[in-house]
Amino acid sequence: MPSPADSNGRSKTGRFAPGNKFGKGNPLAKRAQKLRSALFAAVSEEDIEAIVAKLVAAAKNGDTIAAREVLDRTVG
């Protein structure tokens, strides 16, 4: 059973209470999301299709690293 909120910075349900300095979350998450958004904005569906086609072609030509990547992403 959680202890009172005033003694450990948590609410009665055990979650971080407002103002708890440890409940801020991941400080890098906002930056990572901005970078992901920029990547999605810069790469089109056609770009991905072209990249995958080259990767599959390389795998078919014996590139074991490309083959591993294709298989990891498709078969698991």
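## The largest pocket

In this predicted model, the largest pocket is lined by Ile48, Ile51, Val52, Leu55, Glu69, Val70, Arg73 and Thr74, and two elements, helix 3 and helix 4 (64-74), each give two or more residues to that lining. The volume of the largest pocket is about 160 Å³. A pocket here is an open set of points on a 1 Å grid over the protein atoms alone, where a 1.4 Å probe fits, with protein on both sides within 12 Å along at least five of seven lines, and lining residues have an atom within 4 Å of a point.

Local features need pLDDT of at least 70 and side-chain atom pairs count only at pLDDT 80 or more, while totals for chains, interfaces and linings use all residues. Residues are numbered from 1 along each chain as its sequence is written, and side-chain values use heavy atoms, with hydrogens and water left out.

## Helix 3 and its surface

Helices are DSSP runs (H or I, at least four residues), numbered from the N terminus. Helix 3 covers residues 45-60, and its 16 residues should span 22 Å at 1.5 Å a residue, which agrees with the 22 Å between its end C-alpha atoms; the expected span is 1.5 Å times one less than the number of residues. Just after helix 3, Gly62 takes a positive phi of about 100°.

Leu39, Val43, Ile48, Ile51 and Val52 form a nonpolar patch on the surface, with about 430 Å² of accessible area together, and helix 3 gives the most to this patch, with three residues. Such a patch joins nonpolar side chains (Val, Leu, Ile, Met, Phe, Trp, Tyr) within 5 Å, from residues with over 30% relative accessible area and no salt bridge.

Buried means under 20% relative accessible area, exposed over 50%, and partly exposed in between (1.4 Å probe, protein chains only).

The structure holds one salt bridge, a term for a side-chain nitrogen of Lys or Arg within 4 Å of a carboxyl oxygen of Asp or Glu. Glu69 forms it with Arg73, and the closest N and O atoms are 2.7 Å apart. Because Glu69 and Arg73 are four residues apart in helix 4, about one helical turn separates them. Glu69 is partly exposed at 31% relative accessibility, while Arg73 is exposed, with a relative accessible area of 68%.

How values were computed:
Patches are made of residues with over 30% relative accessible area and no salt bridge: like charges are joined within 9 Å, nonpolar side chains (Val, Leu, Ile, Met, Phe, Trp, Tyr) within 5 Å. Accessible areas come from the Shrake-Rupley method with a 1.4 Å probe; for residues, only the protein chains shown count as cover. Grid points are joined across faces, edges and corners, and a volume is the space filled by probe spheres set on the points.
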